[in-house]
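Subject: Structure handover

Hi,

Here is the structure for your files. My notes on it follow below.

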Amino acid sequence: MKKTALSLSILAALTLGSAHAATVVKIASISPLSGSNSNLGLQIKNGAQLAVNEMKAEFAKAGMTLSLVAYDDQADPATGTAAARRAAADKAVLGVVGTLNSGVVIPASAAVAPSKLTFVSPANTNEKVTDRGLKNMNRICARDDAQGPAGGDFVADNLKAKKVYVLNDKTPYGQGLAEQAEKAMKAKGVSVVQSEGVAAEERDFTAIITKIQALKPDAIYFGGLYGQVGPFAKQLRDKGITTPIIGGDGFDSDDLVKLAGSGANNIYFTTVAPPVDAVPAAKNAAAAYQKTFNQDIQGFGVMSYDSAKVLLQGILNAYKLNKNKVPTRAQVETAVRSGTFKNLTTGEVKFDKNGDRMTAKMYVIAVKDGNRSTAGTVNVIRK
Amino acid sequence: MDLQTIGTILLQVAVGGLSLGVLYAIIALGYTMVYGVLQLINFAHSEVFIAGGIVGYFVFEALKDASLNGYLKLIVACLAAMFVSGGLNVLIERLAYRPLRGAQRLVPLITAIGVSLVLQDSLRFLVGVRGLFDLSVNLPKGFTNSITTFLGVNISLLNLQVKDIILIGVAGLMMLGLNLLVNHTRMGRAMRAVAHDRQTSGLMGINSDSIISLTFLIGGALGGLGGVMFAMKYQALNAYSGTIPGMKAFTAAVLGGIGNIPGAMLGGLVLGWVETFLGVVSLFQGIPGLHWLGAIKAEYKDLGAFLALILILFFKPAGLLGKATTEKV
């Protein structure tokens, strides 16, 4: 196979009669383009497309015709894995931007690991994505286990809370988050006045609110989902308690404000996808996105744009190392993992040995009077 | 921890537990009614109840901009919910329980659980086609206002809202009305007769099928009313919200003596208080000698509530107000 591809490209070069005959180079995007996650998946595809459009000229100078091929994974692991295999079968594809869902990227990246097809993920947060130590799997977003500490740091540093009440919904997500946040807060000298659980289906907070009234904490950390936090905030605020409530990306839904009603105030949550106002450097990208796709760029669009740029700069670096010839996938894999990538909207990207970003960011979103704004960013440093 | 703080906490527990307890009690009445007449546990009652809450939500939505007195809106919502839930309960009896009358007692119990699951997902579907899942209830103006004085005494500390008073008032009225209906009317006498001995009452000219339908109608209507009260109290619900309160209410009915109307009320209150008290009990760890209370966190409140049930049934197997005979209601 390799031989034929090589001879074909030589043949192509000969027929065009030029040493700089344009070689087709592609990157792929794999994300859900249909189904309930498709609006986010489309942001990933468009963000990558934007980066490709922008860097086309630079690739052309090096004799490469750059294009993007977009696959729909339907947020389904089997479909996503099949898409990755199809991308791997296309010799012109040198890397992948994606996916949205950790459940999809885990099998998909493993399936194409022998083909050395590099993934740069804008959105997958599960620890397992990089903990497997695959050479081809990288991500530029923070991990799930960074979320609790980021929330805890925000409580200590920004809210300047001295006493915190911690609640969790007894699910693996909520409990894990609350435990990590608690650890981070204690490390910063914050006292945790009580840390307890409540069933995820429970909507009656009479006892818990009475307790909060008696303990008078400066902040409440709630490891849970918007469906429960909304009513909790409402009942709490109805009792005249305005203490800030903070949690993780489980709060991230428009329904939070609906359910909390008049209580949708002084609520904070951490997330890996930046609101556009939190990344001033994304201004140009946002304008270009609006112009190209006639819609606003969102967090995952920004992240995908940066992921694609990491991948493309990696390809160019490998090209130089390969004596100005189109690099192999293995060379791209090494170049992405070992490179330092600058001029990105979310800052510098450098990966650790597992493919996690050395200094990723978590963004803290504030809900005030039912409106969202960025309350701050927390740097997540990996050692 | 000083005495005043302890007193304040206990007072808040008493009031919070009361409003939670009457809610359980309202739902428990539906369980107890049906059990009293048929010795059947209608596990679909949680869904009949939450269906009422969902109807209440849509009525409040529809009347949101209508220039109607808030209490009238509430009455409209209650009536609509009672109508729908009552009808639903009659339908359930006709389709799922009547064909099985005379079968072993386990059989209708299983269909009851089946009906409950079917209803949950049907409700989810009916709400879901409107693109909704979690319903956020907008109440008429004034319902969420805090009450700061009562008979000239400052009670702002208790954080009572107008809707809490409505809830407690409605629960009281429901219990009184039901007691009057069962114990002091001809229809009530017929119900008691059917409960006591279906065949003999048939020989006396009582149509037991229509009495049973009527019981389901009333039980369902009370459940629907309870659903609106739930929607009013929490202002947030979805198709699955009935499960936990339904289970607690069933527990309350058993605790008070299933089949017994005042028992359902008492059971609800006991459960509400036990639960709320256990939720805050770790606050008392500051009292000398009680530091071990710190280990009893809010997540154990349900465990405690069910332990209380087991304890009470251990000493009084028929429940608090239940009679240890076969006589019902």
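How many bridges join strand 4 of chain A to strand 5 of chain A? Three, and the two strands run parallel. (Strands are DSSP E runs of at least two residues and helices are H or I runs of at least four, numbered from the N terminus.)

This is a predicted model: local features need pLDDT of at least 70, side-chain atom pairs count only at pLDDT 80 or more, and totals for chains, interfaces and linings use all residues. Residues are numbered from 1 along each chain as written, chains are lettered from A and ligands numbered from 1 in written order, and side-chain values use heavy atoms, without hydrogens and water.

**The sheet**

S121(A) has R139(A), in strand 5 of chain A, as its bridge partner. The open sheet in chain A has five strands in the order 2-1-3-4-5, paired in parallel. (Two strands pair if DSSP finds at least two bridges between them.) Strand 2 (64-72) and strand 5 (137-139) of chain A are at the edges with a single partner strand each, so one side of each has no neighbour in the sheet.

**The interface**

The contact takes 26 residues from chain A and 31 residues from chain B (heavy atoms within 4.5 Å). There are two salt bridges across the interface of chain A and chain B (a side-chain nitrogen of Lys or Arg within 4 Å of a carboxyl oxygen of Asp or Glu). One salt bridge joins K248(B) and E202(A), at 4.0 Å, N to O. Helix 8 of chain A gives the most to the side of chain A that touches chain B: eight residues.

Best wishes
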